[in-house]
Amino acid sequence: MLNVCYQCGTCVSSCAAGLVNPQKNIRKLVQALIRIADESELGDIDLLWLCTTCYQCEDRCPEGVPLTSLLIQLKNMAARRGSVPASVQKEIETLAVHSYTYPPVKSIASRRKRLGLPDLPCPEEGEMKMLIDLARERFK
Ligand code: SF4
Ligand code: SF4
């Protein structure tokens with residue numbers, strides 16, 4: 001699947017994460033993945049946790065390399081190894097408690113009201129925690 005990559009760079013020129021931090025380069029990641037023999041050689045890949053799963057790279061790759069799906073898979077593999085950055089773990093905990101990674105503050109609620117926007121949706125109490133617990137079970 002990765003061997004069809006001819007290093008054109010379309011993916012990296014579409015990537016917001018790479019724009020913010022040029023060290024995080026999806027094209028170079030593909031190059032590195034082609035070279036390694038198995039998962040034990042992977043190590044920590046910083047780009048993983050900056051990726052917003054926007055699918056721009058995957059949608060634009062002329063060779064149809066499923067880049068975003070690959071990054072999601074690599075995130076799952078990292079999670080199984082217990083290699084999740086503290087900041088991401090904190091976001092998961094916040095999500096479990098507030099149902100948002102960044103809990104909405106009062107000023108947002110009042111601004112939405114002023115603009116005639118509906119209240120932000122909120123899952124039923126405990127629903128998000130249940131989903132996270134289910135996901136954790138899967139990754140054991
Ligand atoms: S856009 Fe596709 S072919 Fe081009 S460098 Fe990226 S993965 Fe390779
Ligand atoms: S899916 Fe991730 S790697 Fe691909 S363009 Fe978006 S942020 Fe970059």
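I take contact to mean heavy atoms within 4.5 Å. The model is predicted, so I keep its limits in view: local features need pLDDT of at least 70, side-chain atom pairs count only at pLDDT 80 or more, and totals for chains, interfaces and linings use all residues. Residues are numbered from 1 along each chain as its sequence is written, chains are lettered from A and ligands numbered from 1 in the order in which they are written, and side-chain values use heavy atoms, without hydrogens and water.

**Ile92.** I looked up Ile92 and found it in helix 7, residues 86-98. Helices here are DSSP runs of H or I, at least four residues, numbered from the N terminus. What does Ile92 contact, leaving aside neighbours within four places in sequence? I found Ile132 and Arg136. Ile92 has 29% relative accessibility, so I noted it as partly exposed (buried is under 20% relative accessible area, exposed over 50%, partly exposed in between, with a 1.4 Å probe and protein chains only). From Ile92 to Glu125 I read 16 Å, C-alpha to C-alpha, and 33 residues in sequence.

**Domains.** I see the protein chain divided into domain 1 (2-80) and domain 2 (86-138). The bounds come from an automatic or database domain assignment. Their centres, taken over C-alpha atoms, are 28 Å apart.

**Ligand 1.** I listed residues around ligand 1, among them Cys5, Cys8, Cys11 and Cys61 (near means a heavy atom within 4 Å). Cys5 is partly exposed at 24% relative accessible area, and Cys8 is partly exposed at 40%.

I counted zero disulfides in the structure, taking a disulfide as a pair of cysteine sulfur atoms within 2.5 Å.

Methods. Helices (H or I, at least four residues) and strands (E, at least two) are DSSP runs, numbered from the N terminus.
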